[in-house]
Amino acid sequence: MAYKYERIVLAVDGSKTAEKAFHKAIDVAKRNAGTTLFIVHVIDTSSVKMFDMLYQNMYDLVHEHAKVLVDGYELVAKEAGVEFVETIIVKGTPKVVLTKQLGEIANADLIVCGKTGVGEIEQFFIGSTTEAIVRHATCDVLIVS
């Protein structure tokens with residue numbers, strides 16, 4: 001008998017690989033009736049904090065963009081037949097949030113993410129968020145390329 005996933009976390013950042021991961025997560029969720037799909041976007045605040053005066057205005061703009069992104073994914077997922085969808089927007093460092101705080105966020109039994117995201121330059125210098133997820137996840141991870 002195959003393992004049933006009940007709490008799937010999908011990490012999205014607006015990249016093409018996140019879009020592919022989204023469609024894969026829908027497929028997995030539909031094969032696991034009753035599954036909750038958590039669509040998570042992390043607003044990366046690791047480099048923005050140096051702009052103290054502009055920080056709140058910048059954060060508000062980025063948060064609004066993130067809300068449009070995850071709301072769009074939620075709508076498509078529900079139209080595709082995924083019954084339970086929750087969107088989560090958090091601020092922080094994606095590597096920390098998706099590896100160390102994920103249990104608190106959704107208690108996932110599967111994490112779905114793209115192989116690379118919008119931070120491809122950062123990946124070259126300090127390593128990818130996906131790599132951190134694979135190294136530290138306490139549940140199954142599905143990486144989509």
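In which strand is Val141 found? Val141 belongs to strand S5, residues 140–144. The rest of this report sets that strand within the whole protein.

## The model

This is a predicted model, in which residues are numbered from 1 along each chain as its sequence is written, and side-chain values use heavy atoms, with hydrogens and water left out. Local features need pLDDT of at least 70, side-chain atom pairs count only at pLDDT 80 or more, and totals for chains, interfaces and linings use all residues. The term pLDDT stands for the predictor's confidence in each residue, from 0 to 100. Its average over the protein is 85, and 83% of the residues score at least 70. Among the elements, helix H1 has the highest mean pLDDT, 96, while helix H5 (residues 120–126) has the lowest, 49.

## Overall layout

The protein has 6 helices and 5 strands. Helices (H or I, at least four residues) and strands (E, at least two) are DSSP runs, numbered from the N terminus. Read from the N terminus, their order is β-α-β-α-β-α-α-β-α-α-β.

Of the 145 residues, 42% are buried. Buried means under 20% relative accessible area, exposed means over 50%, and partly exposed lies in between (1.4 Å probe, protein chains only). The accessible surface of the protein is about 8,500 Å², and carbon and sulfur atoms hold 55% of this surface. Such areas come from the Shrake-Rupley method with a 1.4 Å probe, and for residues only the protein chains shown count as cover.

A contact means heavy atoms within 4.5 Å. Among the contacts with a separation of 6 or more, 79% join residues 24 or more positions apart.

## The cores

In soluble globular proteins, nonpolar side chains tend to be buried together. A nonpolar core is a set of buried Ala, Val, Leu, Ile, Met, Phe, Trp, Tyr and Cys residues joined through side-chain atoms within 4.5 Å. The largest one here has 22 residues, and those with the most contacts inside it are Ile8, Leu10, Val12, Leu37, Ile39 and Val112. At least two residues of this core come from each of strand S1 (7–11), helix H1 (16–31), strand S2 (36–44), helix H2 (55–79) and strand S4 (110–114). H1 gives the most, with 7 residues. Another core, of 15 residues, lies apart from it and includes Val42, Val97, Leu102 and Cys113.

Not counting residues up to four places away in sequence, Leu37 touches Ile8, Leu10, Ala25, Ala77, Val82, Phe84, Val85 and Glu86.

Helix H1 has several buried residues, including Thr17, Ala18, Ala21, Phe22 and Ala25. Ile26, Val28 and Ala29 in H1 are buried as well. How far apart are the end C-alpha atoms of H1? They are 23 Å apart, which agrees with the 22 Å that its 16 residues should span at 1.5 Å a residue. The expected span of a helix is 1.5 Å times one less than its number of residues.

## Single residues

Val141 is partly exposed, with a relative accessible area of 28%. Apart from neighbours within four places in sequence, Val141 is in contact with Leu110, Ile111, Ile133 and Val134.

Arg7, in strand S1, is partly exposed at 30% relative accessibility. Leaving aside neighbours within four places in sequence, its contacts include Thr35, Thr36, Phe38 and Asn107.

Asn107 sits in the loop between helix H4 (102–106) and S4. With a relative accessible area of 53%, Asn107 is exposed. Its phi is near 50 degrees, a positive value in a residue other than glycine. Most residues other than glycine have a negative phi.

Gly14 and Ser15 both lie in the loop between S1 and H1. Gly14 is partly exposed at 45% relative accessibility, whereas Ser15 is buried at 11%.

Cys113 is buried, with a relative accessible area of 3%, and Cys139 is buried at 19%. The structure holds 0 disulfides, a disulfide being a pair of cysteine sulfur atoms within 2.5 Å.

The table lists pairs of residues with their separation along the chain and between C-alpha atoms.

| Pair | Apart in sequence | C-alpha distance |
|---|---|---|
| Val141 and Val112 | 29 residues | 5.9 Å |
| Arg7 and Thr36 | 29 residues | 5.1 Å |
| Ser15 and Gly114 | 99 residues | 8.4 Å |
| Gly14 and Ala66 | 52 residues | 8.6 Å |
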